[in-house]
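Hi everyone, thanks for making time for this.

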Amino acid sequence: MLAPYAVEHSRGRRYPEPPHPYRNDFQRDRDRIIHSRAFRRLEAKTQVFTRRYSDHFRNRLTHTLEVAQISRTIAAQLGLNVDLVEALALVHDIGHPPFGHAGERALDSAMREHGLFFDHNLHALRMVEDFELRYAAFRGLNLTFEVREGIIKHSRDYAASEFPELAEYLLDQRPPLEAQLIDWTDELAYSTADLDDGYEAHLLPLDEVTAGVPVFARFFGEVKDLYPDAAPKLQFNEVLRRILDRWVGDLIRNTQGVVARTLFSTKADEKRADGLSQSESARPFKPALDDIRAAPTRLVALSSEAEQERRQTKAFLYQNLYNCASLEPEKEAAERIIGDLFELWMKNPEKLPASYREKTASEPPARVICDYIAGMTDPYIYEQYEKYCG
């Protein structure tokens, strides 16, 4: 049962296709994403820890699967289109380059030297629109409008004046709740997962976590009372389960309340403005997708209390994990490798693969090189660096 404001049907695909006999449009999108080369490459792309540090921790693919699982759970409770949500969750990180955020920063820095920039959402759209070659009838995956819109708009707003090439994606409107949800599930997934991986990597001692993450400290006292003889890692796991469950439950309840308050209040104001009586204006209504798109702000959100907990956790992770000295050599290596290879191919485009050399005739060489590097896995870019730079 879909809520009245959920996405029920797609607006269609860029290249029309007949309906499938037993899969809806968003299920087909999900399957196309899973079977794409770009999705498979996520398995060898860094989330936080590169494989040279350890292969025990999450990579882009396992993080993506966790986001998809959390997203489906929340979407079902909110009455959203679970198939659309799953497709968006599976594709949300497909545009990330190798080496995690360090790689993204290095690639953007290299592009800005040539008057351009790198944005992983825009790159993801290029991948599903152009780079994936699986079908004889068209380039790309020919995903539905809603999935392509969600790739662009799930985590940020783009101004139509700055990005006229994205005009078809309704930049003056909010994305559906299905797309809004993905940004939050991404945040909740990595905030708890990175605590887990940081602890296992011996980079986040338990006393530092309890001192720096108030919500962790609160649940840790409860877990110690329940499981006083459990191994420390099992106690840690129990705390993370409780944090994630708290945030997920809060996101569901708060979003339901925000949707009701925002849309019902807006509709009541409209009725009063039309001269209807107070009793008429108080009648309930069923908010539709158009109301979600026209809302003054995004409506998926944590409560203020839970959001403060999340922000405290994120600040702790930045200070004690993402920017810790132990990971600096990996980040510096990532930036050096991407910077050196970018410069090499700018000076020697003949060393690019043939398909990319051909593209430099119609696109800026910097953009072509950026596309090539962004699609690489960590192991492959190491190979290219050793081949060309020693």
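Quick housekeeping before that. This is a predicted model, where local features need pLDDT of at least 70, side-chain atom pairs count only at pLDDT 80 or more, and totals for chains, interfaces and linings use all residues. Residues are numbered from 1 along each chain as its sequence is written, and side-chain values use heavy atoms, with hydrogens and water left out.

Okay, the helix. Helices here are DSSP runs of H or I with at least four residues, strands are runs of E with at least two, and both are numbered from the N terminus. Ours is α18, residues 378-389. The expected span of a helix is 1.5 Å times one less than its number of residues. For the 12 residues of α18 that gives 16 Å, and the end C-alpha atoms are 16 Å apart, so the two agree.

Which residues of α18 are buried? They're Asp378, Ile381, Tyr382, Gln384 and Tyr385. As for the words, buried means under 20% relative accessible area, exposed means over 50%, and partly exposed is in between, using a 1.4 Å probe and protein chains only.

Now turn to the face away from the buried side of α18, and you'll find the exposed residues Glu386 and Lys387. The cover over the buried residues includes α15 (328-347) and α17 (365-374), with contact meaning heavy atoms within 4.5 Å. After α18 comes Gly390, with a positive phi near 80 degrees.

Next, our two loop residues. Asn142 isn't a glycine, yet its phi is positive, near 55 degrees. Asn142 sits in the loop between α6 (120-131) and α7 (145-153). His202, also not a glycine, has a positive phi of about 65 degrees, and is in the loop between α8 (177-200) and α9 (206-212). Is His202 buried or exposed? His202 is exposed, at 71% relative accessible area, while Asn142 counts as buried, at 1%.

Last topic: salt bridges. Side chains of opposite charge can pair when their charged atoms come close. The rule is a side-chain nitrogen of Lys or Arg within 4 Å of a carboxyl oxygen of Asp or Glu, and by that rule the count is 39.

Take Glu129 and Arg14, whose closest N and O atoms are 2.7 Å apart. Glu129 is in helix α6 and Arg14 is in the segment before α1 (25-34), so this pair ties together parts 115 residues apart in sequence. Glu129 is partly exposed at 23%, and Arg14 is partly exposed too, at 34%.

Then there's Glu17 with Arg32, also a salt bridge, at 2.7 Å from N to O. Glu17 lies in the segment before α1 and Arg32 in α1, so they link parts 15 residues apart in sequence. Arg32 counts as buried at 7%, whereas Glu17 is partly exposed at 25%.
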